[in-house]
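Visitor: Please show me the structure, and then let me ask about it step by step.

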Amino acid sequence: MDAKLLEILVCPVCKGPLTYEKSQQELICKADRLAYAIKDGIPVMLQAEARELAATEEVR
Ligand SMILES: [Zn+2]
């Protein structure tokens with residue numbers, strides 16, 4: 001994913017920074033523990049579409 005695109009993207013819930021999880025093709029918000037999917041290279045920045053991270057999942 002484009003690093004510049006990642007720089008301008010923020011979490012739609014808390015407006016905080018996101019972490020790109022390359023292996024899972026997800027953008028992670030550590031504050032909300034939400035994972036936004038990247039579909040066909042396009043991040044789906046919708047809270048309704050986001051996946052809640054399991055308590056056991058490590059957030060880097
Ligand atoms: Zn957030």
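Guide: First, a definition: donors are N, O and S atoms within 2.8 Å of the metal (3.2 Å for Na, K and Ca), and water is not among the atoms, so sites may look incomplete. This is a predicted model, where local features need pLDDT of at least 70, side-chain atom pairs count only at pLDDT 80 or more, and totals for chains, interfaces and linings use all residues. Residues are numbered from 1 along each chain as its sequence is written, and side-chain values use heavy atoms, without hydrogens and water.

Visitor: Which residues coordinate the zinc ion?

Guide: The coordinating atoms lie at 1.8 to 2.3 Å from the zinc ion. In sequence, the donor residues follow the spacing C-x2-C-x14-C-x2-D. They are Cys11 (SG), Cys14 (SG), Cys29 (SG) and Asp32 (OD).

Visitor: What is the arrangement of the 4 donor atoms around the zinc ion?

Guide: Four donors count as tetrahedral if all angles lie between 85 and 135 degrees. Here the angles run from 104 to 115°. The arrangement is therefore tetrahedral.

Visitor: Is Cys29 buried or exposed?

Guide: Buried means under 20% relative accessible area, exposed over 50%, and partly exposed in between (1.4 Å probe, protein chains only). Cys14 has 34%, so Cys14 is partly exposed. Cys29 has a relative accessibility of 2%, so Cys29 counts as buried.

Visitor: In which strand is Glu26 found?

Guide: Glu26 has 9% relative accessibility, so Glu26 counts as buried. Contact means heavy atoms within 4.5 Å. Leaving out residues up to four places away in sequence, Glu26 touches Thr19, Tyr36 and Arg51, among others. Glu26 sits in strand S2.

Visitor: How many disulfides does the structure hold?

Guide: A disulfide is a covalent bond between the sulfur atoms of two cysteines. The cut-off is a pair of cysteine sulfur atoms within 2.5 Å. The number of disulfides in the structure is 0.

Definitions and conventions:
Four donors count as tetrahedral if all angles lie between 85 and 135 degrees; four count as square planar and six as octahedral if opposite donors are over 155 degrees apart and all others between 65 and 115; anything else is irregular. Helices (H or I, at least four residues) and strands (E, at least two) are DSSP runs, numbered from the N terminus.
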